[in-house]
Amino acid sequence: MLEEKISIIIPVYNNEKYLERCIVSLINQTYKNLEIILINDGSTDNSRIICEKYLKKDKRVILVNQKNGGVSAARNKGIEIATGSWIGFVDSDDWITENMYEILHINAIENNADISIGGYIRTDIEKPAFESKKTLEILDNKTALEYLILDKEGYATSVWNKLYKIDVVKNILFDKTIKYGEDLLFNFNIMMNNRKNVVFDKNIYYIYFYNRYSATNKYIYNKSILTELNVYKFMLNKISNKEYEFLKHDIYIIYQNAIIRILLRLTEFNNMEGKKLYYQIRKAYKEIFRVNSIKDIIKLCIIFSPYKVSGKIYKLLRAIRGTV
């Protein structure tokens, strides 16, 4: 029996240092019927040359060169041209174990699931050590949605540790207007539309390389950060029906924590742009705030102090206790 084709989409932007490691981990997969789609999103370094090298080496590699449009535009282009029965996503500074897609595909078929998920590890070293967990969970739609929203047990809000049946992806694209939280929104929309079980293998298959200089980790504090808050607002509106009412409290908490996190980080910059944005966000989202713990009371006291006072208190707490 011929293996179903799996299309793997890799957005590439100025990542010459780690790109080759990523591509090699895909080429060496034990699951052979792959379509490796490299979307060169306007790279200005040697990333395109590296992509072209593997385009010549392996007939499964497809290369698309386009003007820089961001990770969502790159992934959407990949979905548009994918010809596989299944779709996966890998970030170009990460890599995967050689059996990742073989195992995720087997898990999906054996459990009649449209989404198959594997565990991941976050690391900043080249050769991390990790143990096999060998635990498999079958999640119904509601439980899977809860795991997603709470980022429970390594489920991850991201797309890179998941394998999707093409049918659940083809009518749902990444929102290019969302600069932060686009993966969560994409997965949320899929979960809201998918009624089959989700299979979750907690064994480690995906190695998320924490590269502090990557586009993913450069959290820029300007108006684009408000797009993350728009994701939570959208989710709250979507789950207003009784079927998903049980998730509302959790989303409120995550929503509030995101606002507080952004406000506290804005105080670190101590400039007019940051100060203006700080007060705009605080005023616009004041009605969201709820007190759920003593920690929340402390945070709210900090952010409702004058801007400079908030910044000094936050820096002091970070120095004493680490990141708040």
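Predicted model: local features only at pLDDT ≥ 70, side-chain atom pairs only at ≥ 80, totals over all residues.
In which helix is the place of Phe188? Phe188 sits in helix α7, which covers residues 182-193.

1. Overall form. The chain has 12 helices and nine strands. Its radius of gyration is 21 Å, close to the 20 Å that the globule rule gives for 324 residues, so the chain is as compact as a globular protein of that length. The C-alpha trace spans about 65 × 50 × 35 Å along its principal axes.

2. Burial and surface. Of the 324 residues, 51% count as buried. The accessible surface comes to about 16,100 Å², and carbon and sulfur atoms make up 52% of that area. Among contacts with a separation of 6 or more, 80% are between residues 24 or more positions apart.

3. Strand β1. This strand, residues 6-12, is largely enclosed by the rest of the structure, because seven of its seven residues are buried. Ile6, Ile8, Ile10 and Val12 point one way from β1, while Ser7, Ile9 and Pro11 point the other way. Burial applies to both of these sets of residues.

4. Partners of β1. Seven bridges pair β1 with strand β2 (residues 34-41) in the parallel sense, and Ser7 stands opposite Glu35 of β2. Strand β4 (residues 86-89) also runs parallel to β1, to which it is joined by four bridges. Within that pairing, Ile8 has Gly88 as its bridge partner.

5. The unit built on β1. Together with helix α1 (residues 19-27) and β2, strand β1 makes a right-handed β-α-β unit. The buried residues of α1 include Leu19, Cys22, Ile23, Ser25, Leu26 and Ile27. Their cover includes β1 and β2, as well as α2 (47-57), β5 (95-96) and α4 (100-110).

6. Strand β6. Residues 115-123 form β6, which is mostly covered, with seven of its nine residues buried. It pairs with strand β9 (residues 198-209) in the parallel sense over nine bridges; Gly118 has Asp201 of β9 as its bridge partner. With strand β8 (residues 162-165), by contrast, β6 runs antiparallel, and three bridges join the two. Ile115 stands opposite Tyr164 in that strand.

7. In soluble globular proteins, nonpolar side chains tend to be buried together. Here the largest nonpolar core has 65 residues, and those with the most contacts inside it are Phe89, Leu145, Tyr155, Tyr164, Phe186, Ile259 and Ile281. Helix α9 (residues 248-267) gives the most to this core, with nine residues. Another core, of 31 residues, lies apart from it and has Ile10, Leu19, Ile23 and Tyr205 among its members.

8. Contacts of Ile281. Which residues is Ile281 in contact with, leaving aside its neighbours within four places in sequence? They are Ile225, Leu226, Leu229, Ile259, Ile262, Leu263 and Leu266.

9. Phe188. This residue of helix α7 is buried, with a relative accessible area of 0%. Leaving aside neighbours within four places in sequence, Phe188 is in contact with Leu145, Leu148, Ile149, Phe234, Met235, Lys238 and Ile239. Phe188 and Thr157 are 31 residues apart in sequence, and their C-alpha atoms are 8.7 Å apart in space.

10. Most residues other than glycine have a negative phi. Asn14, although not a glycine, has a positive phi of about 45°; its place is in the loop between β1 and α1. Ala156 likewise is not a glycine and has a positive phi, of about 75°, and it lies in the loop between α5 (141-150) and β8.

11. Accessibility at these two places. Are Asn14 and Ala156 buried or partly exposed? Asn14 counts as partly exposed because its relative accessibility is 29%, and the cut-off for burial is under 20%. Ala156 has a relative accessible area of 2% and is therefore buried.

Definitions and conventions: Residues numbered from 1 in each chain as written. Heavy atoms only, no water. Buried < 20%, exposed > 50% of the residue type's maximum accessible area, 1.4 Å probe, protein only. Pairing = 2+ DSSP bridges. Core = buried A, V, L, I, M, F, W, Y, C linked by side-chain atoms within 4.5 Å. Contact = heavy atoms within 4.5 Å. Right-handed = clockwise from strand over helix to strand, strands pointing away. Rg over C-alpha atoms; globule rule 2.2 N^0.38 Å. Areas by Shrake-Rupley, 256 points an atom, 1.4 Å probe, with all protein chains shown as cover.
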